[in-house]
Amino acid sequence: MSKYSRAQMILHWAIFVLIVTQFAFHDAIVDAFEAMIKGNPTSTNPMVSAHLGVGGVIGILTALRLWLRMETGTPEKSGNHPEIFDHLANTVHYSFYALLLLLPITGGFAWYQGSEGAANAHTILRAVLILLVLVHIGAAFLHLFIWRYNVLARMWPSRN
């Protein structure tokens, strides 16, 4: 297999778009959560509902993506880089799956249980997600510019 399956590609890019969307809804839910914790009434801001709903969808799509990865596998490695990077790539990918499953869980507990501990965990996981996204993008550039292998082509649909 030289490319990810079409389903894996669709899920990858859909999850990416949904994660970016979550950042647009972030301030609204933080403000609403802080009001809720202080015992103040929370407004019925549609962005809060959107953040909660999109988070749940990300969790479901991530579980589906992980299942597809286990069932169909991944493309072969390029082989033109030190082997340690294959291990690092696996660690980053499985860390993504864990984060994208834990973020909706911690966010749900924070919101529906009014748990500041879950909210703090959610905030930490969000920061780790941002870090992993930067590592992921950096690795793609490393493959492209240093090892001269267009790894992005494996996750981009063909024209035919």
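Contact here means heavy atoms within 4.5 Å.

**Model and conventions**

This is a predicted model, in which local features need pLDDT of at least 70, side-chain atom pairs count only at pLDDT 80 or more, and totals for chains, interfaces and linings use all residues. Residues are numbered from 1 along each chain as its sequence is written, and side-chain values use heavy atoms, with hydrogens and water left out.

**Overall picture**

The protein has four helices and zero strands. Helices (H or I, at least four residues) and strands (E, at least two) are DSSP runs, numbered from the N terminus. The order along the sequence is α-α-α-α. The C-alpha trace spans about 55 × 30 × 25 Å along its principal axes.

Of the 160 residues, 32% count as buried. Buried means under 20% relative accessible area, exposed means over 50%, and partly exposed lies in between (1.4 Å probe, protein chains only). The protein exposes about 9700 Å², and carbon and sulfur atoms supply 68% of that area. Accessible areas come from the Shrake-Rupley method with a 1.4 Å probe; for residues, only the protein chains shown count as cover.

Take the contacts between residues at least 6 apart in sequence: 78% of them join residues at least 24 apart. The protein carries 10 positive and 8 negative charges, and their mean positions are 12 Å apart. Lys and Arg count as positive, Asp and Glu as negative; His and the chain ends are not counted. Each charge is placed at NZ of Lys, CZ of Arg, CG of Asp or CD of Glu.

**Helix geometry**

The expected span of a helix is 1.5 Å times one less than its number of residues.

| Helix | Residues in helix | Expected span | End-to-end C-alpha distance |
|---|---|---|---|
| Helix 4 | 31 residues | 45 Å | 44 Å |

Just after helix 1, G39 takes a positive phi of about 85°.

Positive phi values also follow helix 3 and helix 4. After helix 3 comes G114, with a positive phi near 60°. After helix 4 comes R148, with a positive phi near 55°.

R69 sits in helix 2 (residues 46-72). Is R69 buried or exposed? Its relative accessible area is 8%, so R69 is buried. Beyond its neighbours within four places in sequence, R69 contacts Q8, T74, N90, H93, Y94 and Y97. The C-alpha atoms of R69 and A50 are separated by 28 Å, at 19 residues apart along the chain.

R65 is also found in helix 2. R65 counts as buried because its relative accessibility is 11%. Not counting residues up to four places away in sequence, R65 touches Q8, L11, H12, I15, Y97 and M155. R65 and H122 are 57 residues apart along the chain, with 21 Å between their C-alpha atoms.

P82 is in the loop between helix 2 and helix 3. With a relative accessible area of 40%, P82 is partly exposed. P82 and H12 lie 70 residues apart in sequence and 26 Å apart in space, C-alpha to C-alpha.

**Helix 4 and its packing**

Which residues of helix 4 are buried? They are A118, A119, L125, L129, L132 and H143. These buried residues pack against helix 1 and helix 3 (84-113).

L125 has a relative accessibility of 16%, so L125 counts as buried. Leaving out residues up to four places away in sequence, L125 touches L99, L102, L103 and T106. The C-alpha atoms of L125 and Q8 are 24 Å apart, and the two residues are 117 residues apart along the chain.

H143 lies in helix 4 (residues 116-146). H143 is buried because its relative accessible area is 13%. Which residues does H143 contact, leaving aside its neighbours within four places in sequence? H143 is in contact with S78, H81, R148, Y149 and V151.
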